[in-house]
Amino acid sequence: MIRLHRRIIFFSLVFMFFMTSPLVTQAKEETKEINEADLRQALYQKTEALTQVPWYYLAAMDQYERNIRKTNDDDRITGIQISFEKWYGVLPPGPSHNEREELVTLFGGIGKDGNGDGIADPTDDEDVLYTFAMEIQQKIAENNSMESAITAYYEREKATTIITQIAKLFSHYQTVDLSERAFPIPKWNNYSYRSTWGDTRGYGGRRIHEGTDIFAGYGTPVRSTSYGVVEIKGWNRFGGWRIGIRDMYSIYHYYAHLNSFADGIEEGSIVEPGDVIGSVGASGYGPEGTSGKFPPHLHYGMYKDNGKNEWAYDPYPYLKRWERQR
Ligand SMILES: [Zn+2]
């Protein structure tokens with residue numbers, strides 16, 4: 001009897017230890033992330049059913065807005081934001097945002113009721129997404145295509161390019177959870193790299209080094225670090241044979257000085273983390289075909305679109321993390 005008691009106490013303690021350990025906390029955080037992605041996808045699909053705007057376009061536009069700014073509102077799971085002036089028209093918004101849809105419409109606001117409670121609430125995900133989808137639907141009717149509707153809504157060509165790419169990824173994989181990453185050089189290959197962010201360059205005037213150089217032998221496979229769509233493939237005076245891939249976070253991954261491109265990799269191709277896209281070379285720093293002006297290496301750069309322009313940031317800490325994860 002005493003032994004059984006001891007056992008129960010022992011197992012209770014083990015159980016309590018695991019429940020409070022950082023591993024479990026981390027797992028809980030991940031579950032929360034996944035559940036939120038599922039929740040958002042369900043909301044996009046519901047809005048598609050109501051408005052006929054494909055869910056992956058709604059998801060891509062929402063993702064684009066989430067990429068531009070962090071949502072401050074903790075109560076919301078989507079990032080689409082519609083200004084109060086657009087939402088309410090000339091109706092002064094009350095502090096509790098509980099105006100009826102008819103009243104908002106009467107005062108020239110675009111705000112609509114998406115969840116069926118009669119209230120058009122600009123802080124409610126369902127109302128915002130429904131209102132947004134109705135706006136897009138109207139823009140499609142006016143402009144005759146999804147692409148020109150997106151351009152008309154965001155008043156930016158680049159937004160259309162990025163949103164179309166994200167929509168392509170979401171549609172292809174039927175999920176909005178494409179955050180997995182990979183190190184660009186496969187295991188078992190010899191390579192070396194160090195932090196060279198901001199070093200000055202000899203070629204092309206006054207430029208700083210915007211990326212990380214990973215030195216490896218000619219022909220070493222180069223892999224995509226992310227899910228993404230090939231945005232650019234070809235020759236560039238500085239980068240030589242290079243590939244640019246856009247991911248769902250509006251990040252542009254730049255792979256330069258390649259020796260060759262992998263078969264089937266074209267502009268518009270969808271890639272996954274770990275997919276071979278080409279091989280290490282020493283191309284660049286001159287007209288098309290120039291090679292061997294420096295030791296072979298992969299130049300890897302990351303650029304983030306912030307809704308107005310693109311800025312480079314240091315990929316080194318990310319490479320270190322992805323390398324450990326293998
Ligand atoms: Zn470089």
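## Helix α3

Of the 14 residues of α3, 11 are buried, so this helix is largely enclosed by the rest of the structure. The model described here is a predicted one. The buried positions of α3 are Trp55, Tyr56, Tyr57, Leu58, Ala59, Ala60, Met61, Asp62, Gln63, Tyr64 and Asn67. From its first C-alpha to its last, α3 reaches 20 Å, close to the 20 Å expected for its 14 residues at 1.5 Å a residue.

## Nonpolar cores

The largest nonpolar core comprises 54 residues, of which Leu58, Ala60, Ile163, Ile166 and Tyr255 touch the most other members. Helix α3 (residues 55-68) supplies the largest share of this core, namely eight residues. Because both domain 1 (37-173) and domain 2 (191-325) give residues to this core, it lies between them. Apart from it lies another core, made up of five residues that include Tyr88, Val104, Ile110 and Ala120.

Which residues does alanine 60 contact, once its neighbours within four places in sequence are left aside? Alanine 60 is then in contact with Ile163, Ile166, Ala167 and Phe170.

## Overall composition

The protein chain contains nine helices and 10 strands. Of its 326 residues, 35% are buried. When contacts between residues at least 6 apart in sequence are considered, 55% join residues at least 24 apart.

## Helix α6 and tyrosine 130

Helix α6 (residues 125-143) has 19 residues and spans 26 Å between its first and last C-alpha atoms, close to the 27 Å expected at 1.5 Å a residue. Its buried residues are Asp125, Asp127, Val128, Leu129, Tyr130, Thr131, Phe132, Ala133, Glu135, Ile136 and Ile140. Just after α6 comes asparagine 144, which adopts a positive phi of about 65°.

Tyrosine 130 is located in helix α6. Is this residue, tyrosine 130, buried or exposed? Tyrosine 130 counts as buried because it has 24 C-beta neighbours inside 10 Å, the threshold for burial being 20 or more. With neighbours within four places in sequence set aside, tyrosine 130 is in contact with Thr47, Leu50, Thr51, Lys112 and Gly114. The C-alpha atoms of tyrosine 130 and asparagine 115 are 8.6 Å apart, and these two residues are 15 residues apart along the chain.

## Strand β6 and its partners

Strand β6 (residues 251-261) has nine buried residues among its 11, so it is largely enclosed by the rest of the structure. Strand β5 (residues 240-246) runs antiparallel to β6 and is joined to it by five bridges. Within this pairing, isoleucine 245 has histidine 253 of β6 as its bridge partner. The two strands, β5 and β6, form a hairpin with four residues between them, and serine 250 in the turn has a positive phi of about 65°.

Strands β6 and β9 also run antiparallel, joined by six bridges. Histidine 253 has methionine 302 in β9 as a bridge partner. A further antiparallel pairing links β6 to strand β8 (residues 276-280) through three bridges. There, leucine 258 stands opposite valine 280 in β8.

Strand β1 (residues 191-193) pairs with β2 in the antiparallel sense over three bridges. Serine 192 stands opposite phenylalanine 215 in β2. Strand β9 (residues 297-305) likewise pairs with β2 in the antiparallel sense, over four bridges. In this pairing, histidine 299 of β9 is the bridge partner of aspartate 213.

## Helix α9 and glutamine 325

Glutamine 325 is found in helix α9 (residues 316-325). How many other C-beta atoms lie within 10 Å of glutamine 325? There are 10, so glutamine 325 is exposed, the limit for exposure being 12 or fewer. The C-alpha atoms of glutamine 325 and arginine 181 are separated by 9.0 Å, although these residues are 144 residues apart along the chain.

Terms used. Residues are numbered from 1 along each chain as its sequence is written. This is a predicted model: local features need pLDDT of at least 70, side-chain atom pairs count only at pLDDT 80 or more; totals for chains, interfaces and linings use all residues. A nonpolar core is a set of buried Ala, Val, Leu, Ile, Met, Phe, Trp, Tyr and Cys residues joined through C-beta atoms within 7 Å. Domain bounds come from an automatic or database domain assignment. Two residues are in contact if their C-beta atoms, placed from the backbone, lie within 7 Å. Two strands pair if DSSP finds at least two bridges between them. The expected span of a helix is 1.5 Å times one less than its number of residues.
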